[in-house]
Amino acid sequence: MESPKSKFLKVKCKKCRNEQIIFNKTATVVKCLVCESVLAEPTGGLAEIKTKIEEVMD
Ligand SMILES: [Zn+2]
């Protein structure tokens with residue numbers, strides 16, 4: 001089995017529309033730098049993205 005690929009995601013905060021680059025394999029909760037909404041939560045594998053993904057970067 002192939003492990004999930006590490007990628008950077010450009011997300012937009014649903015609340016304040018701040019755009020932020022986050023890693024899809026984060027081990028910690030990622031919060032919006034502006035309003036502190038949770039953008040992603042760690043699951044042990046790929047992060048669970050809680051907001052809108054604008055772009056996936058390799
Ligand atoms: Zn925000």
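Start by selecting the zinc ion: its site is tetrahedral, with angles of 102 to 117° among its 4 donor atoms. Four donors count as tetrahedral here if all angles lie between 85 and 135 degrees. For comparison, the ideal angle for four tetrahedral donors is 109.5 degrees. Keep in mind that you're looking at a predicted model, where local features need pLDDT of at least 70, side-chain atom pairs count only at pLDDT 80 or more, and totals for chains, interfaces and linings use all residues. Residues are numbered from 1 along each chain as its sequence is written, and side-chain values use heavy atoms, with hydrogens and water left out.

Which atoms hold the zinc ion as protein donors? Show the SG atoms of Cys13, Cys16, Cys32 and Cys35, which lie 2.2 to 2.4 Å from the zinc ion. (A donor is an N, O or S atom within 2.8 Å of the metal, or 3.2 Å for Na, K and Ca; water is not among the atoms, so sites may look incomplete.) Along the chain, the donors are spaced C-x2-C-x15-C-x2-C. Now pick out Cys16 and Cys32: this pair links distant parts of the chain, 16 residues apart. Cys16 sits in the loop between strand S1 (8-12) and strand S2 (19-23), and Cys32 in the loop between strand S3 (30-31) and strand S4 (38-41). (Strands are DSSP runs of E, at least two residues, numbered from the N terminus.)

Buried or exposed, what is Cys32? It's buried, at 2% relative accessibility, while Cys16 is partly exposed at 31%. (Buried means under 20% relative accessible area, exposed over 50%, and partly exposed in between, using a 1.4 Å probe and protein chains only.)

Next stop, the sheet. Go back to the cartoon and select S3, S4 and S5: these 3 strands form an open, antiparallel sheet in the order S3-S4-S5. S3 and strand S5 (48-49) are at the edges with a single partner strand each, so one side of each has no neighbour in the sheet. Between S4 and S5 there are 2 bridges; two strands pair if DSSP finds at least two bridges between them. Click on Ala40 and you'll find Ile49 of S5 standing opposite.

Now for the charged side chains. The count comes to 5 salt bridges, each being a side-chain nitrogen of Lys or Arg within 4 Å of a carboxyl oxygen of Asp or Glu. Glu55 is partly exposed at 37%, and Lys10 is partly exposed at 22%.

Move on to Glu41 and Lys50, another salt bridge, with closest N and O atoms 3.6 Å apart. Then select Lys52 and Glu54, where that distance is 2.9 Å.

Last, select Phe8, Ile21 and Phe23, a nonpolar surface patch with about 270 Å² of accessible area together. (Patches are made of residues with over 30% relative accessible area and no salt bridge, joining like charges within 9 Å and nonpolar side chains, namely Val, Leu, Ile, Met, Phe, Trp and Tyr, within 5 Å.) Phe8 belongs to strand S1 and is partly exposed at 42% relative accessibility.

How values were computed
Tetrahedral: all angles 85-135°; square planar, octahedral: opposite > 155°, others 65-115°. Helix = DSSP H or I, 4+ residues; strand = E, 2+ residues; numbered from the N terminus. Areas by Shrake-Rupley, 256 points an atom, 1.4 Å probe, with all protein chains shown as cover.
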